[in-house]
Amino acid sequence: MKIFDDIKLEIEEKRVLHLLGYKDRIPDDDILDCIRTEISKCSTYLNPAVYYKYINVNCVADDYVLLENNVKFKGEFISAKLKDCNKIIVVITTLGQKVNQVIEEAFSDGDYLKAMIIDNISTEAIGYVNKLFWNEIVDNIKSSNIGLTQTLSPGDTQWELQEQGKIFACMGDDFKEVKLTESFLMLPSKSTAAVYGFGENIGIAKKEHICSECTMKHCAFRSDGKIPLIVNLNGSKEVIDVKKGENLLRVLQENKIFINSPCNGKGTCGKCKVRVIKGIKKESNLDENHLHKEEIQIGYRLSCGINVDEKMEIIINAADNDMEVMTDGIAEIEDISPIIRKIHCQISPASLEDQRDDFLRLKDSINIKHLSIDLLQLRNLSKKLREFNFNITAVLNDNKLLLIEKNDTVKEFYGIAVDIGTTTIAVYLMNLTDGKTIDVISEINNQKNYGADVVSRIFYTTENKEGSKILKDVIISQLNSMIEYICNKNNIETEKVYDVCIVGNTTMIHLLLGLPCENIAMAPYIPVTNSSMEFESREVGLITNGIISIVPGISAFVGSDITAGILTCGMLDTEKYSLLLDIGTNGEMALGNKMEVITCSTAAGPAFEGANIKHGVGGISGAICKIDLSKDKIYETIGNKKPIGICGSGVLDMVAQMLNYDLMDETGRITDLDDEELSDNIIEINGIKQFVVAQLDDNEQITFSQKDVREVQLAKSAISAGIKILLKEKNLTYDDIDTLYLAGGFGNYMDKESAAAIGLIPKELKHKIKNIGNSAGSGAKAYLMSKKLREKAEELKARTDYLELSSNHDFQDFFIEGMMFE
């Protein structure tokens, strides 16, 4: 038997109020004061502990489960829940005996209000402890292929109450901390008993508790009267309680289930399709406009067009989680001078002969005369100095004390650089002593669930009351998960990470900090801030110690990711002009040299990320990434997998190949062709011409349509126009450009011949291209490591101009000119 008792209770006042019946109103001040008083001191009488034991499952029949210790759980419910499990964990949770005594004393004193409040705080506390333990299990298995069921408690579910005795039998005769009476009452009364099941590839339950399976009909938190939605995702099956009439896409978003929705439910992208296998709806106009007849026939529907009004079961394909993310860059870190410092010192203890105060004693020991300290650190200073026997390491941000640590920890000195892209996130673990990259990980940005581009996400924050908080919580949760993973993987404590340097476009930074961003999307396009900033990690919600550093941006649509690229690409090292182009979900660019820099951003749209393309996907396994119509097999896929769609580089090749083989004219119109071999690939669906790129099984096809061509035209002409505007502003020609730096994943993977062929980049600059990979990530790492680069960033921001293309008189002419394929 094992014990989990390292528990710090966090009792939410709102939930206690809810349990007491104050769901939609605030109680009187005296009641509220009593609640707050008891919450503040509940740790004196609540002694939470979880006792648990792992047991193998011998066999599972239709109505019983036999364990290796010959204990047999009975019932169809428990058998169904554990049918794919090979191991269980039996769990008994208790808050100890003291809380019962406190409640009894309050009743004896006639203070019934206090007794009720403590009773409900205890109810909330034991629920909190059980959820905390469940999350602990999840954290231990989430990087494996082991899955976990929800909590299975006799009496609370459709599992008979009498089965509690078998959980106690599993704990053994030596277990005395909690007793079970003949009437199945546990003593101490604030105790629970449960089972969790483990199995390979069964998935991890989304929720620790499922209300629709619970027999506690009058629970204050019960979401009864709701409709069960069964979601099949990555081989696991989850049940979500849905309020009748809720939109399916919104339900999935709120439950943090990723589904591709570039337009965020506007009904324009046709990407949010799910396969409905129970509770299927008649196809809507949206379905008919975006889906093939064959897809509709087998149950595919757009989730944005479905309101859940009956029990439903769906299947989701979550292939986007396998996207290849560009994390490599070319910039080397030359200056190692992080703003965070660590100084070890042995402070001489106070005496009657030396009565200097503790703060002065610290200042003298680390030899910083004007040392500053915040109030929280000051309150704990004396205690920590003595607890650490005056042998400490001071962690400093310039001349400000961030924290003190026990003994000499100077060598444990780490930072993290983060590139938050609209589509992807890259996290770099750095050694602040030598500037070396220890490890790097990347993921799809979970905010993609709320729209493919920044405008969609801004609209989500304005159209939903809690939208800004939801998107902030999504990114903070994801960053904490990534930071915890990369630190654990490298045996580094998150407490030893002292600076997290973050770059991203202006909207991503606003969403991270929870800043309102609606003004970014409206003229005159003014953000709350583009300045460099430093915050304490706890202010933002990150799990690291120390600070986070925000790299300065330039404008509403040219963010700190471009600042980072400019700083590290080499543009500022020469008098010759160069051009930096970052084609991602947005299209930002900078033109400059060591004397001046000018920037702009084009509304290119996410066509090259696959968002606005009918069969477009990100750079995931199975994405068509190369197309050559001269070959028998005209496409290649990432990982040589079965094709599932076309990614950005494939889109670029497709248009270039169609031009080369006269499959479309200079206006972008798909034409008929005399060549029978290729003309057979041109078909019409719903009156729209399409080129069949891949013929799949079950009559499914991956096609490239006339509408897709138009999306590419809009994107490439916007970027082309932006380049021409910058050159005209400085009275330069293509001959004056020394280097064209291509940043980002798409720029790295795209074929430069295809890019030049369709006019995405000028043919005159084709031979001047230099791929620089993830320049935003490289810049974030350099900014983290170098105080000089931080100063250089401030100088760059001060002398960089931004051109607003929407008000530029030449932009429209250049844009229309760029629509043609020459």
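The following dialogue goes through selected terms used for this structure and the values behind them.

Modeller: This is a predicted model, in which local features need pLDDT of at least 70, side-chain atom pairs count only at pLDDT 80 or more, and totals for chains, interfaces and linings use all residues. Residues are numbered from 1 along each chain as its sequence is written, and side-chain values use heavy atoms, with hydrogens and water left out.

Biologist: What makes Asp-30 exposed?

Modeller: Residues are called buried under 20% relative accessible area, exposed over 50% and partly exposed in between, with a 1.4 Å probe and protein chains only. Asp-30 has a relative accessible area of 53%, so it counts as exposed. Asp-30 belongs to helix 2 (residues 29–41); helices (H or I, at least four residues) and strands (E, at least two) are DSSP runs, numbered from the N terminus.

Biologist: Which residues form a negative surface patch with Asp-30?

Modeller: The patch consists of Asp-28, Asp-29, Asp-30 and Asp-33. Patch members have over 30% relative accessible area and no salt bridge; like charges are joined within 9 Å, and nonpolar side chains (Val, Leu, Ile, Met, Phe, Trp, Tyr) within 5 Å. The place of a charge is taken as CG of Asp, CD of Glu, NZ of Lys or CZ of Arg.

Biologist: Why is the contact between Arg-356 and Asp-364 called a salt bridge?

Modeller: A salt bridge requires a side-chain nitrogen of Lys or Arg within 4 Å of a carboxyl oxygen of Asp or Glu. In Arg-356 and Asp-364 the closest N and O atoms are 2.8 Å apart, so the pair meets the definition. Arg-356 also forms a salt bridge with Asp-354, at 2.9 Å between the closest N and O atoms. Asp-354, Arg-356, Arg-361 and Asp-364 are linked in a network of such bridges, and the structure holds 27 salt bridges.

Biologist: How do you know that Arg-356 and Asp-364 are partly exposed?

Modeller: The relative accessibility of Arg-356 is 29% and that of Asp-364 is 41%. Both values fall between the two cut-offs, so each residue is partly exposed.

Biologist: What does the salt bridge of Glu-596 with Lys-730 tie together?

Modeller: The closest N and O atoms of Glu-596 and Lys-730 are 2.9 Å apart. Glu-596 lies in the loop between strand 28 (587–592) and strand 29 (597–602), and Lys-730 in the loop between helix 19 and strand 36 (737–743), so the bridge ties together parts that are 134 residues apart in sequence. Glu-596 is partly exposed at 23% relative accessible area, and Lys-730 is partly exposed at 25%.

Biologist: Which residues touch the most other members of the largest nonpolar core?

Modeller: They are Phe-691, Phe-704 and Leu-760, in a core of 64 residues. Helix 19 (residues 706–729) gives the most to this core, with 10 residues. Apart from it lies another core of 41 residues, including Ile-7, Val-99, Val-102 and Val-129. A nonpolar core is a set of buried Ala, Val, Leu, Ile, Met, Phe, Trp, Tyr and Cys residues joined through side-chain atoms within 4.5 Å.

Biologist: Why is helix 16 described as largely enclosed by the rest of the structure?

Modeller: In helix 16 (residues 560–569), 10 of the 10 residues are buried, so the helix is largely enclosed. Among them are Ser-560, Asp-561, Leu-567 and Cys-569. Just after helix 16, Gly-570 takes a positive phi of about 110°.

Biologist: Where does a positive phi occur in a residue other than glycine?

Modeller: Asn-367 has a phi near 60° and is found in the loop between helix 10 (358–366) and strand 18 (372–373). Its relative accessible area of 69% is over the cut-off, so Asn-367 is exposed. Asp-398 likewise has a phi near 60°, and lies in the loop between strand 19 (391–397) and strand 20 (400–406). At 45% relative accessible area, Asp-398 is partly exposed.

How values were computed:
Accessible areas come from the Shrake-Rupley method with a 1.4 Å probe; for residues, only the protein chains shown count as cover. Lys and Arg count as positive and Asp and Glu as negative; His and the chain ends are not counted.
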